[in-house]
Amino acid sequence: MTEAAGPVIEIAGLTKRYSDLVAVNEISFTVARGEVFGILGPNGAGKTTTLEMVEGLRRPDGGTIVVDGTPVWPNPKAVKSRIGVQLQATALFDYQKLHEIIYIFGSCYGIHRSRPECVALLARVGLEEKADAYAYELSGGQAQRLSIALALVNDPVVTFLDEPTTGLDPRARRALWEVIEQISHSGTTVVLTTHYMEEAERLCDRVAVMDLGRIMALDVPRVLVNSLGAEATITFTLDEEASLPDLCELDGVSNCDALVDERGYSIVADDAQRAVISLLDLAAERRLTVRNLDVKGANLEDVFLHMTGRKLSDDDEAALEPEPVGSGKRRRRGLRGSGR
Amino acid sequence: MRTFWDFVRADAQMTVRNKQALFWTFFFPVLLMGLLGVVFGQQNAFTPKVAIVNQDGGPLSQTMIKTLHLVPALKTTEVASQQTALADLKNGDYAAVLVLPKGLEQNFKTGTTALPFYYDNSSLVQAGTVIGVTQQVLQAMADAITGTTPKFALQQQAVAAKGFNYIDFLVPGVIAMALMTNGIYGVSGTFVTYRQKGVLRRLRATPMPIGSFITARVLVHLVLALIQAGLVLLVGVAAFHVHVTGTDTLLKVALLALIGSSSFVTIGFFVASVSRNTEIAAALGQVIGTPMMFLSGIFFPMDSAPAWIQPVVHAMPLKYLADALRNVIIKGQTLWFVRGDVVILVAVTTVFLGLSVRFFRWE
């Protein structure tokens, strides 16, 4: 029923304005069949608005979106049955059990599952034991897994996950990554938004870095990182109150602003291997013991910093996506929330 | 269609499982009726209404009517036909009917005048009051005019009428009130919560038309309204011996409950549509519901309320539901008789349905 070749999503010149604010500014990209595609950006970058336009929930002001060969607009209903959707912060019916929620949402797509079939879908996200629980009894991570199960309820060609791990503790986040990897392995295309670079690096085949409504870069995560010149940060401590004033002369060190504080030394190298070898040689020569040696490669956080001059927000609570028009008070995009 | 029935089942399930809400839906009206019924139930808490049929029309009869009208203990109404007045007396609309016969003026000059006086004997206390007060007033008037002894003699005739107590008045009112509160607060609360939590948005991402979801919810709500009305009526009859007239009363009450409930459900949708969050919805619901509860003649009749407030009373949709239910339950009237009330309720439904659609928001 689907043409195996060709991208599953084609977006060209997509634009959305909220009065004077351009939330999404003429972006274009394609998503290939079977890939995990990430949209990385801080809160207010336009990630959610972009997804909502693709999902048929928000009408674009310009541009075209084609999903699985069918244009989404002006009549999004045809596409809705072929895509899976997980929205940010969806709570569900309080007095329905999990298997009943799976059933009723399947019914919305004209799929009437038997109870074992509902439980089988719950098993895909590791919730089979909770089939008889109510949604309000779930932990944050479990609730998120339920909403991901609902994004699979119609066996979609492509499923959209909007910040699936925001607000979860690291353990729940890792568990969810495994669920998403499983979905991808089963052949479903996954499009997800995130503001965690670690998540994008781990899960995504390709990442679009988004800021202020524009796509700043789009590539395989490693390629994006390498494009920075592959810098690495080397940190270590010394046993004695010895000083190493000549760190800058080490081979492969690119940045001489060597930092010395109570945590030890920190230097930036463009060739980590050579820098480490020469560091250890120097230490041996002077009979010093290097401890806590750590080499940290550059990551997408650095890519974002490099491209925008700003850091990706790590304030989970300040989830300030632009509000829809007509809701009266329009919230300004918040660069910094109140923090935790 | 199957999806629609799936939602009906899910909604019914959720309603039944929410034990706390269910308890209050059914228990509160019964509790309210019980309390008021125990305290005031068998009293006749209202000023007795007396119909006056003036067959004479002379100046003396006019003076008599004006004088009786000034008596605070009675509420008098002039009625043209004696037949109508007596029929209404039997129906419980009046406590008594006083007839001023032809030739009143003549007889007054010659001697004692007999005035036919029919009263409802189902409540002896009330009958005593009405007879006593009328007699005294007329006597005092005669004394003042003549200074001598010509008298009016009330020609008393007891009539077996329906004899309504306060509880008879109260029960249809409580049914109407329960349908109102449940319609406005129940629906607005549920939908604003669904919107706030993103459930509506999630449903919108499916190909299902949202109309199926809303219609299913309303259907379950209407069934709940029927059970509510039936339960209050049942407890009223069983515990307080409410006088129910007419054999097909239950069917008529069910129809009126559906019509009335629809009005309040659409008002509830309107509240949900214009409210940003549950707090605002609750506050707006109170602003609409509370005056309605006290100004629609639920607990006490509003006929005796000051004239300036009458326009407000007549603007309350609840008044028309309560009136219609009262006419049907305790007077055994037909649906055709209450058609005016029904038309108003349907109009309210239409207007608020339009407003709800106009202001509907997904998020």
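In chain A, among contacts with a separation of 6 or more, 65% are between residues 24 or more positions apart. Two residues are in contact here if their C-beta atoms, placed from the backbone, lie within 7 Å.

Some ground rules. This is a predicted model, in which local features need pLDDT of at least 70, side-chain atom pairs count only at pLDDT 80 or more, and totals for chains, interfaces and linings use all residues. Residues are numbered from 1 along each chain as its sequence is written, and chains are lettered from A and ligands numbered from 1 in the order in which they are written.

Staying with chain A, its 340 residues are 40% buried. Buried means that 20 or more other C-beta atoms lie within 10 Å of the residue's own, with C-beta atoms placed from the backbone. The secondary structure of chain A has 10 helices and 14 strands. These are DSSP runs numbered from the N terminus: helices are H or I with at least four residues, strands are E with at least two.

Now the sheet. Six strands of chain A form an open sheet with mixed pairing, in the order β6-β7-β8-β3-β9-β10. Strands pair if DSSP finds at least two bridges between them. At the edges are β6 (83–86) and β10 (214–219) of chain A, each pairing on one side only. Neighbouring strands are turned by 15° against each other on average, direction ignored. For such angles, axes are lines fitted to C-alpha atoms, for helices over the stretch in contact, and the values run from 0 to 180 degrees between N-to-C directions.

Inside that sheet, β7 (158–162) and β8 (189–194) of chain A pair in the parallel sense over five bridges. Asp162(A) has Thr193(A) in β8(A) as its bridge partner. Helix α1 (47–54) of chain A packs on the sheet, touching β3 (36–40), β7, β8 and β9 (206–211) of chain A, and its direction makes about 150° with that of β7(A). Helix α6 (170–185) of chain A lies across β3, β7 and β8 of chain A, at about 150° to β8(A).

On to chain B. An automatic or database assignment sets the domain bounds: in chain B, domain 1 covers 2–41 + 165–359 and domain 2 covers 49–159. Taken over C-alpha atoms, the centres of these two domains of chain B are 42 Å apart.

Finally, where the chains meet. The contact takes 23 residues from chain A and 21 residues from chain B. On the chain B side, α1 (2–17) and α8 (199–204) of chain B each give two or more residues. The largest share, eight residues, comes from α1(B).

Methods
Buried ≥ 20, exposed ≤ 12 C-beta atoms within 10 Å, placed from the backbone.
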